[in-house]
Amino acid sequence: MTEIKDFFIAANTVSTEPDYDSNVLSTLVHTVDAFSRATYQSVYLIDYYKQEFLYVSDNPLFLCGHTAEEVKKMGYGFYFEHVPEEDLKMLVEINSSGFKFFDTFDNVDKYQCSISYHFHLKSGSKSKLINHQLTPVLLTDEGKMWIGMCIVSLSSHKTAGHVEFHKKGSSNFWKYSFEGHRWKESESVALKEDELEVLRLSAAGLTMAEIADRMCRSLDTIKFYKRQAFEKLGVTNITEAVERASLNKLF
């Protein structure tokens, strides 16, 4: 049976209280709250020193029927109430492998790193698959992640997993293999500007004909751009394409 202590290994345990001005966390929470209000993103902050949630936004996607304050108080107990046991075991492995890999980067590069994965949240008889992205906000002097920011969105996948580790500015990213229990380097996707523009306009709700008119291209050309973008991204619909393009920082 998975336990809360399984989420904390040497690689992500902050044993000494970080030496920061007392106003730092207050300012951080106000900043993230403003970001959440402006974008209506589902976002929360993890304090790895206290091993609890520092902030939880009121977007209902992540809350599973609770209030933001209730989820904040539940902390890691929230996962145990609302994540299926099979996915919990997966999260423990991702957590362990992810932080060990994170530790291979220097402190400057660590701030450029993020990890993305997909798991189920259950509330009563209902279940939904979400995408979860974690990135550091504050590191300790030793390079441990002190405060991490998590952004939650609906997944465009059909199954849990699909773990990817990205570093801003890198031409490659890394995928995690549960079969081999290791990270595999992959080449990042590159789209042409016209292909990106078709995705942006499609995501905004424009039809292919409207996009052709906006971009002053033929309808066949726009369809070609879209097919090319989907093929390069390895997706089958616009929702998946936008998620994949965003994850690869193409927008």
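Is Glu193 buried, partly exposed or exposed? In this predicted model, where local features need pLDDT of at least 70 and side-chain atom pairs count only at pLDDT 80 or more, totals for chains, interfaces and linings use all residues. Residues are numbered from 1 along each chain as its sequence is written, and side-chain values use heavy atoms, with hydrogens and water left out. Glu193 turns out to be partly exposed, at 48% relative accessible area. Here, buried stands for under 20% relative accessible area and exposed for over 50%, with partly exposed in between (1.4 Å probe, protein chains only).

Now for the charged pairs. Side chains of opposite charge can pair when their charged atoms come close. A salt bridge is counted when a side-chain nitrogen of Lys or Arg sits within 4 Å of a carboxyl oxygen of Asp or Glu. That rule gives 8 salt bridges. One of them joins Glu193 to Arg200, with 2.9 Å from N to O. Arg200 is partly exposed too, at 29% relative accessibility.

Another salt bridge brings together Asp33 and Arg37, at 2.6 Å from N to O. Both residues belong to helix α1 (residues 23-39), where they are 4 residues apart, or about one turn of the helix. Helices (H or I, at least four residues) and strands (E, at least two) are DSSP runs numbered from the N terminus. Asp33 is partly exposed at 26% relative accessibility, while Arg37 is exposed at 58%.

Then there's Lys167, whose salt bridge with Asp109 has its closest N and O atoms 3.9 Å apart. Lys167 is in strand β6 (residues 161-167) and Asp109 in helix α5 (residues 107-110), so this pair ties together parts that are 58 residues apart in sequence. Lys167 is buried, at 18% relative accessibility, and Asp109 is partly exposed, at 25%.

Finally, a look at charges on the surface. Glu17, Asp19, Asp141 and Glu142 gather in a patch of negative charge there. Patches are built from residues with over 30% relative accessible area and no salt bridge, with like charges joined within 9 Å. Asp and Glu count as negative, and the place of a charge is taken as CG of Asp or CD of Glu. The areas come from the Shrake-Rupley method with a 1.4 Å probe. Asp141 is found in the loop between β4 (126-139) and β5 (145-154), and Asp141 is exposed, at 66% relative accessibility.

Notes:
Patch = residues over 30% accessible without salt bridge, like charges linked within 9 Å, V, L, I, M, F, W, Y side chains within 5 Å.
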